[in-house]
Amino acid sequence: MTDLPTQADVLIIGAGAAGLMCAAVAGKRGRSVLVLDHANKVGKKILMSGGGRCNFTNLYTAPDNFYSENPHFCKSALARYTQWDFIALVEKHGIPYHEKTLGQLFCDNKSRDIVDLLLAECREAKAQIRTRCEIQRVEPLNEEGAKGFEVHTSLGKVVCESLVVATGGLSIPTMGATGFGYDLAKQFGHNIIPTRAALVPFTLNKRALARQQELPGTSLAVNASCAEGHFQEQMLFTHKGLSGPAVLQISSHWKEGMPVSFNLAPGLDLSGWLCEQRGKKQESFLHTVLAELWSKKLVQFFLQRNGLESKPLKQYSEQALKDVGEKLQIWTLIPEGTEGYRTAEVTLGGVDTNEVSSRSMQSMKQAGLYFIGEVLDVTGWLGGFNFQWAWASAHAAGGEV
């Protein structure tokens, strides 16, 4: 179907997680709903998420798992549509799933299951969806007493009473991400909290990369710290710098020029542990003992980086071993940058939530205009939290539009 309805009660721009969820909720209230997306298919980011298995929510979702200039904004929606509500929907559709780690829930099979769930819900709600449809301009209706919008698209003009912006952020432009939602918000007088790439790998300078050229593909558990953020997870060495869950998480706290510290032996007092080993294995070389904690490649890298040579433990005084442990325990560096929106999972910043109702997601600047999902200044941690925000904010708006 390519013909475009000329009227709808609710027009939703964006056929991603939030847009499709909102369409299903609004349609079940008897509203006529039309969803438009410029991409060639719906739910592209859902399909590629979670390594193709979609980390669709997190068992431990709470407001503390989100960043926003207005940290209270997300509380209402998250409380009214919880992770348990979405899990019940997944179970209703018979989708098998599992917990990976830290409350992260993934499909057993593939991300397509979640897209199919949303499309089934939209069909039941009689919501119509059109892809390959560019939004050209949006104008509020000017007639006396008229409420709504005139939306001009590449497939024709649509008049709607409620307009929902579910366009996402700037992350992964190859998936079709654009700044359209921010531009539309600005058109209606909204402030935009400055945006930046988040949940994104760090890049390092050439000198640092030359030192770790043997390490890409190697990972280890670390505790990453930057500003107020602390995350204990895996770190991965890459050809461009550093990645892995610990790095993606801490990147949301990082700004240009800030140092990031990695505890390379979390939960262990490395100095004390080395002194213990000295008592048990005097003849063992330092690098041999450290290989109990890290791979041989990592041991060599950490020793070289600190200018340390490997000798039998008996040749170190207790104080010398303590000094070695302190040098090796914490690695502090200043990343050159990040890989940017090209690989970022989400976008920090967005439509200022001080100008949006936390109950309905409706604009305080323009009646009938709603913002949901990632386009808002609400960004979750890695691990299913951003999907839960999509479901919760969409549910809030869908009950009101």
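I started at Ser225, which stands opposite Ser261 in S16.

**Ground rules.** I'm working on a predicted model, where local features need pLDDT of at least 70, side-chain atom pairs count only at pLDDT 80 or more, and totals for chains, interfaces and linings use all residues. Residues are numbered from 1 along each chain as its sequence is written, and side-chain values use heavy atoms, with hydrogens and water left out.

**Strands around S13.** I followed S13 (residues 219-226) to its partners, counting two strands as paired if DSSP finds at least two bridges between them. S13 runs antiparallel to strand S16 (residues 260-263), with three bridges joining them. S13 is also antiparallel to strand S14 (residues 229-237), this time through eight bridges. What lies between S13 and S14 in the hairpin? I found two residues there, and Ala227 in the turn has a positive phi of about 50°. Cys226 has Gly229 in S14 as its bridge partner.

**Salt bridges.** Side chains of opposite charge can pair when their charged atoms come close. I took a salt bridge as a side-chain nitrogen of Lys or Arg within 4 Å of a carboxyl oxygen of Asp or Glu. How many salt bridges does the structure hold? I got twelve.

I looked at Asp9 and Arg31, whose closest N and O atoms are 3.8 Å apart in a salt bridge. Asp9 sits in strand S1 (residues 7-13) and Arg31 in the loop between helix H1 (17-27) and strand S2 (33-36), so I logged this as a link between distant parts of the chain, 22 residues apart. For exposure I used relative accessible area: buried is under 20%, exposed is over 50%, and partly exposed is in between (1.4 Å probe, protein chains only). Asp9 is partly exposed at 24% relative accessibility, while Arg31 is buried at 18%. Glu161 joins Asp9 and Arg31 in a network of salt bridges.Next came Lys45 and Glu374, a salt bridge with 3.4 Å from N to O. Lys45 is in helix H2 (residues 44-48) and Glu374 in the loop between strand S20 (369-371) and strand S21 (379-380), so this pair ties together parts 329 residues apart in sequence. I have Lys45 as partly exposed at 27% relative accessibility and Glu374 as buried at 17%.

Asp116 and Arg112 make a salt bridge at 3.0 Å, N to O. Both lie in helix H5 (residues 112-124), four residues apart, about one turn of the helix. Asp116 is partly exposed at 35%, and Arg112 is partly exposed at 31%.

**Cores.** My term here is nonpolar core: a set of buried Ala, Val, Leu, Ile, Met, Phe, Trp, Tyr and Cys residues joined through side-chain atoms within 4.5 Å. Which residues touch the most other members of the largest core? Out of its 80 residues, I noted Ile114, Leu163 and Trp389. Helix H13 (residues 385-398) gives the most to this core, nine residues. I then listed contacts (heavy atoms within 4.5 Å) for Leu163, skipping neighbours within four places in sequence; among them are Leu11, Val138, Phe149 and Tyr370. There is also a second, separate core of 47 residues, including Leu199 and Phe231.

**Cysteines.** I checked for disulfides, meaning a pair of cysteine sulfur atoms within 2.5 Å, and found zero. Cys22 is buried at 0% relative accessible area, and Cys74 is buried at 3%.
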